[in-house]
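Welcome, and please open your viewer. We will take this tour one selection at a time, beginning with the sheet and ending at the ligand.

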Amino acid sequence: MNILEVDKLTKRYGSEIAVSNLSFSLEEGTSTALIGPNGAGKTTTLSILAGLLKQTSGTADWKNHSGIGFLPQHPQLFPWLTALEFLEMAARLSGIAAREARSRSIETLQFVGLGSALNKKTGTFSGGMKQRLGLAQAIVHRPKLLLLDEPVSALDPTGRREIMNLLKSLQHDTTILYSTHILNDAEEMTDQVLFLRRGQLVEQGSLEEVKARYAEPNIRIRFQ
Ligand code: ATP
């Protein structure tokens with residue numbers, strides 16, 4: 001069953017088309033990588049799906065409107081707050097009742113490996129810890145659909161592995177759509193790859209299919 005259906009989604013900024021006629025669907029419980037170079041339209045697409053930006057035309061229909069989690073490319077983590085204060089605030093904002101917010105936040109921080117940093121200020125966190133806290137904010141309300149904008153692009157190999165392992169452990173209960181600008185960042189957990197270039201979907205298939213096509217010299221030229 002599809003949890004999300006995107007049909008002819010288009011976003012224009014004046015005369016510039018950031019996303020053009022984009023159509024795809026996400027099957028429940030699958031993971032999809034949205035791949036493309038800088039300016040391909042990944043952030044625009046995810047922002048529309050997260051409800052932060054209005055499309056010019058086209059539709060995005062999802063099964064459970066409230067069940068979406070979003071990790072922006074540069075999450076605002078409020079450096080003066082502790083991890084627990086930050087996540088409790090995020091939990092309340094995502095509709096979790098006050099009496100549950102604290103326990104849910106502690107549980108989620110433990111899940112992302114920040115159980116020993118609950119009372120540390122987020123401003124003291126390493127890049128990897130910040131990204132895990134950002135992920136905690138995106139999943140604290142247990143969304144069915146998780147949207148992540150370049151979740152590993154700014155991380156070192158250890159940080160990437162940590163985030164990817166967390167996504168792997170979420171993937172059975174959660175449908176995941178994440179963006180990346182490098183095909184090699186797409187992990188084996190990825191069921192579907194959507195390749196965007198200048199706002200258009202230029203390739204779609206399994207990771208193996210797209211990697212094989214990408215390796216062919218005549219196809220490769222199309223992505224450079
Ligand atoms: P990156 O990997 O650099 O984040 P991206 O694939 O996420 O790139 P977008 O940020 O969605 O791409 O941008 C797609 C296109 O839309 C780009 O050409 C960009 O310049 C343009 N664009 C994005 N936001 C705006 C805006 N607010 N006003 C005008 N043009 C914009």
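In what order do the 6 strands of the open sheet run? They follow β5-β6-β7-β3-β8-β9, with mixed pairing; two strands pair when DSSP finds at least two bridges between them. Strands here are DSSP E runs of at least two residues, and helices are H or I runs of at least four, numbered from the N terminus.

Before going on, note that this is a predicted model, in which local features need pLDDT of at least 70, side-chain atom pairs count only at pLDDT 80 or more, and totals for chains, interfaces and linings use all residues. Residues are numbered from 1 along each chain as its sequence is written, and side-chain values use heavy atoms, leaving out hydrogens and water.

Select β5 (68–71) and β9 (200–205): these are the edge strands, each pairing on one side only. Next, colour β6 (145–148) and β7 (175–180), a parallel pair with 4 bridges. Within this pair, Leu-146 has Ile-176 as its bridge partner.

Finally, centre on the ligand. For polar contacts (N or O pairs within 3.5 Å), pick Thr-44, whose polar side-chain atom lies 2.5 Å from a ligand oxygen. Glu-150 also places a polar side-chain atom 3.0 Å from a ligand oxygen.

Technical notes:
A polar contact is a pair of N or O atoms within 3.5 Å; within protein, one must be able to donate a hydrogen and the other to accept it, and residues adjacent in sequence count only if both atoms are side-chain atoms.
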